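Here is a short briefing on a model and its contacts. Start with the pairing of the chains, then turn to the details within one of them.

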Amino acid sequence: MLKSTIIDTRIRLRPSKKLLDLLDAQKEHFKELPDNVAQLLKSNGYVVPLGVQIIKANEKQYKRPTIDVVLLEKLTADVIDDPLIAKSDSEATEEDETPEEDQDQRQQPKGPTSFLYLSDLHWLNTFMSELRSKNICNVFLYQIIESSELILPENELKPRNPELEARCQRLREEQQNREYHKMTKNVDAGLKHYPEDTIAYQMKSINKQIIAVAQFIFSVAAGFVFGFLGINLIVGGLPFGFRLLLGVICALVIALAEMYFLAKKLHEYDEVLDAPKRKKPEPPTTSKGQRAKQHAE
Amino acid sequence: MPTAESKESAGQLLDELYLDMFHLIEEHTKCRINIERTNASGAILLARTKYQQGGSTISTAQIPTENSGEFNALCRVVSRTRDVDPKTSMEISIERHMVDKENGYVEPLHWFSVLPPMSLRGAVLKFKDCIELVVESTNLQRELNTVLRSIGKLRQYVARQ
């Protein structure tokens, strides 16, 4: 199993029964309703009053709220920043809420619409502050989301592509088979008829090298002959020592040039030898049987 | 002295802090995804360079060792204090220096080849972007921690009343 990239970066909030009940109780004060909340209410068996304007979730863009840092510091000035207290506090609240949450989760239908998103929470915040300013009910957002479950974006676990897996498996088997053959070549008489072992194959591969070397020798010899005889024929009457020197110089120049090409060719040949030999893919049924047999042998 | 007004404002502040926390979580997630994508595409470009140029062209053997000459870092992490409130937000940022051979700022790309291929240059750009994103993600995480701490404090304050 592989972890894939997170596709949906939105956080989700599974609303509790308390939240839904509260929304239901205050439904006559709705002026507008995000479509997600409307669907949520409907799917949980609540009635959405008619005449409520339903707004699309992505019509409004919400920005991060600006935090009044001065007020925050003033309020929390006498609170000791002790992680132990905070921990015990949160534990206590958790204990209080767990049975309730369990009940809620059983009642929740598992569907795509049973979550609240960030824009819905923004709407909820403005709605609650409106209610508070009208003195209808004095409930804060944090009090109603306390009992809800926050679902963070998570990586999806995805199985590996079966095609890739099969390919890897095939390559691994080929590699193992090759190693096995190499190991058992000397022991097993049944495997002696591999192309690398026949004389024809070896002759062929030697031929290539012999031809390359013979070419080298011939061209060097031809260069020497040109220097030794050819120039004497053209100019005439050269002393023997000078002719020899000319022949050697011509042969050397040609040998240098030829050496370069020879080295290149032999290097290429080495690389071909090093490269793994690929077998042609065989029909799966026979190849399986054959492979099994090879290992058994 | 707890009054109705201060309770109201504390409640509102707590609501805002919660919303801010949700925003920060989403942004942090997005940032992490971007890091993942950028890093992956950089790695693919590097792999392509290796594939095109052969395995031995880009290798760890070309990276300077302890015995090589010293050079200065082109990129540094510096912590920068925001002017608005220096207490809560300590942010870090990246400081880059221009390549300047005489003063010891060498171009690392030239360790590998004098004329680097396009894919290698692309990979370098991607990895540079990745560092910026990591810095952004760190800043977001610090902000998130601050918000979480203030939520804890404020909850204690509200619970006391």
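One salt bridge is counted between chain B and chain A in this predicted model. Its partners are Asp15(B) and Arg132(A), with N and O 3.9 Å apart. Over all chains, the structure holds six salt bridges.

**Interface between chain B and chain A**

- Two residue pairs are in polar contact across the two chains, both at pLDDT 80 or more.
- On chain B, helix H1 (4-53) and helix H2 (118-160) are the elements that give two or more residues to the side touching chain A.
- H1(B) supplies the largest share of that side, 25 residues.
- By class, the chain B side has 16 charged, 13 nonpolar and eight polar residues.
- The contact draws 41 residues from chain A and 37 residues from chain B.
- About 3600 Å² is buried between the two chains, and carbon and sulfur atoms give 65% of that area.

**A salt bridge between strands of chain A**

- Glu149(A) pairs with Arg14(A) in a salt bridge, the closest N and O atoms being 2.9 Å apart.
- Glu149(A) sits in strand E5 (residues 149-151) and Arg14(A) in strand E2 (residues 12-14), so the bridge ties together parts of chain A that are 135 residues apart in sequence.
- Arg14(A) is buried, at a relative accessible area of 14%.
- Glu149(A) is partly exposed, at 27%.

- Arg170(A) and Glu174(A) form a salt bridge, with the closest N and O atoms 3.5 Å apart.
- Both residues lie in helix H7 (residues 162-184) of chain A, four residues apart, or about one turn of the helix.
- Glu174(A) also meets Arg178(A) in a salt bridge, at 3.9 Å from N to O.
- Arg178(A) and Glu174(A) are again separated by about one helical turn, because they are four residues apart in H7.
- Shared partners join Arg170(A), Glu174(A) and Arg178(A) into one network.
- Glu174(A) is buried, with a relative accessible area of 14%.
- Arg170(A) is partly exposed at 37%, and Arg178(A) is partly exposed at 29%.

**Annotated spans of chain A**

- An unreviewed UniProt entry annotates residues 210-234 and 240-263 of chain A as "transmembrane region".
- Residues 210-234 of chain A are 100% helix and 0% strand, and the end C-alpha atoms lie 34 Å apart.
- Residues 240-263 of chain A are 100% helix and 0% strand, with end C-alpha atoms 34 Å apart.

Technical notes:
Residues are numbered from 1 along each chain as its sequence is written. Chains are lettered from A and ligands numbered from 1 in the order in which they are written. This is a predicted model: local features need pLDDT of at least 70, side-chain atom pairs count only at pLDDT 80 or more; totals for chains, interfaces and linings use all residues. Side-chain values use heavy atoms; hydrogens and water are left out. Contact means heavy atoms within 4.5 Å. Buried area is the accessible area (1.4 Å probe) that two parts lose on being put together, summed over both. A salt bridge is a side-chain nitrogen of Lys or Arg within 4 Å of a carboxyl oxygen of Asp or Glu. A polar contact is a pair of N or O atoms within 3.5 Å; within protein, one must be able to donate a hydrogen and the other to accept it, and residues adjacent in sequence count only if both atoms are side-chain atoms. Ala, Val, Leu, Ile, Met, Phe, Trp, Tyr, Cys and Pro count as nonpolar, Asp, Glu, Lys and Arg as charged, and the others, Gly among them, as polar. UniProt positions are given in the numbering used here, feature names are shortened, and annotations may be inferred rather than shown by experiment. Buried means under 20% relative accessible area, exposed over 50%, partly exposed in between (1.4 Å probe, protein chains only).
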